Amino acid sequence: MIFYTPLQLEEVFANPEEEQAERAYVSHGGKMLYVDKFPNGEYMLTQLVSTNPNDYLNDHYRPGSYLH
Amino acid sequence: MELSTNEHTISNDEIGGGYLFMNKDSNPDELKKNPADSIVEKIQALGQTNVAETGESNIHVLTIIGQVEGHMQLPPQNKTTKYEHLLPQLVAIEQNPKIEGLIVLLNTVGGDVEAGLALSEMIASLSKPTVSVVLGGGHSIGVPIAVATDYSFIVPTATMTIHPVRLTGLVIGVPQTFEYLDKMQDRVIQFVINHSKIKEETFKEFMFAKGNLTRDIGTNVVGNEAVAHGLIDEVGGIKEAIEKINEFIGEKDEEGEVLQ
């Protein structure tokens, strides 16, 4: 892979020591959401992927919202 | 209502058949009953108490943040912009008659060359007016993405790092490897000089300069400097960007009227 970044490659490819929460992209209502999966079956929204600026004003798609 | 993930699909039964978002404030009636809870949640999530609401927008925003991720999935500590998400969005923007313009916000440290060039070519070939704003940093492969738009802005404090392309993974030490890398770099250089006012010599000078980046080859260009060398069109922020795109949309409307 050809990579073009001023960051050190070790920084980009280093593996974090502690295990991170399981994350996944899910789609809901035609919008793509990046969520953290918890063992108890809950999902927390970490990022909304949309080009519509108004989606970011929607309370439902607020980072930190819980999906059960 | 289905929530599909890469691995499996969650049906309504699994999530109890209720509305997916079970926040107290997801139901307007409950919100009225218990506004304090909602405010606490908002402060926890966003660090603010109020989020403004508006109607439909004719200008869409594409954010290029963190690493531009291409053929390889990067480790999870990286914040990434995935091209497989953005390419269909760009197609949707081109197709949707309600969308009249696109603003590209950049704060990126670069990433995959082919993914970056793919995004740049997509943005450059949109028929709708496009304006970019470089905030914070628009480094490496962020440079072609920033210049791909019809008009580009950079905030005075933003920087753009221009440096030679790098190769990761197994490298075979033969002259062909160098030539391959050189060709890859030429694609970046050609795109940038074709879509901005910077001269090829100046851009190459920046790319191979010594002494600017402590242990590396390249140049870090700050706001005004990027404009002075013609890499970016103008110093400005979101106000200028919105003004510019509205001006472009106005021009396009006039053209449309003449044709009719």
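Me: How are two packed helices described, and how do the axes of helix α3 and helix α4 of chain B cross?

Reply: Two packed helices are described by the angle between their axes and the distance between the axes. In this predicted model, helix α3 (residues 83-95) of chain B and helix α4 (residues 113-124) of chain B have axes that come within 10 Å and cross at roughly 10°. Axes here are lines fitted to C-alpha atoms, for helices over the stretch in contact, with angles from 0 to 180 degrees between N-to-C directions. Helices are DSSP runs (H or I, at least four residues), numbered from the N terminus. α3(B) and α4(B) are therefore roughly parallel to each other, the term for angles under 35 degrees.

Me: Which residues of α3(B) meet α4(B)?

Reply: On the α3(B) side they are B:Tyr83, B:Leu86, B:Leu87, B:Leu90 and B:Val91, and they meet B:Ala115, B:Ala118, B:Leu119, B:Met122 and B:Ile123 of α4(B). Contact means heavy atoms within 4.5 Å. By class, this contact has 10 nonpolar, no polar and no charged residues; Ala, Val, Leu, Ile, Met, Phe, Trp, Tyr, Cys and Pro count as nonpolar, Asp, Glu, Lys and Arg as charged, and the others, Gly among them, as polar.

Me: Where do the buried residues of α3(B) fall, seen down its axis?

Reply: An α-helix has 3.6 residues a turn, so residues three or four places apart point the same way. Buried (under 20% relative accessible area, 1.4 Å probe, protein chains only) are B:Tyr83, B:His85, B:Leu86, B:Gln89, B:Leu90 and B:Ile93. They fall within an arc of 145°, so they line one face of the helix; the arc uses directions from the helix axis to the C-beta atoms.

Technical notes
Residues numbered from 1 in each chain as written. Chains lettered and ligands numbered in written order. Predicted model: local features only at pLDDT ≥ 70, side-chain atom pairs only at ≥ 80, totals over all residues. Heavy atoms only, no water. Parallel < 35°, antiparallel > 145°, perpendicular 65-115°, else oblique. Buried < 20%, exposed > 50% of the residue type's maximum accessible area, 1.4 Å probe, protein only.
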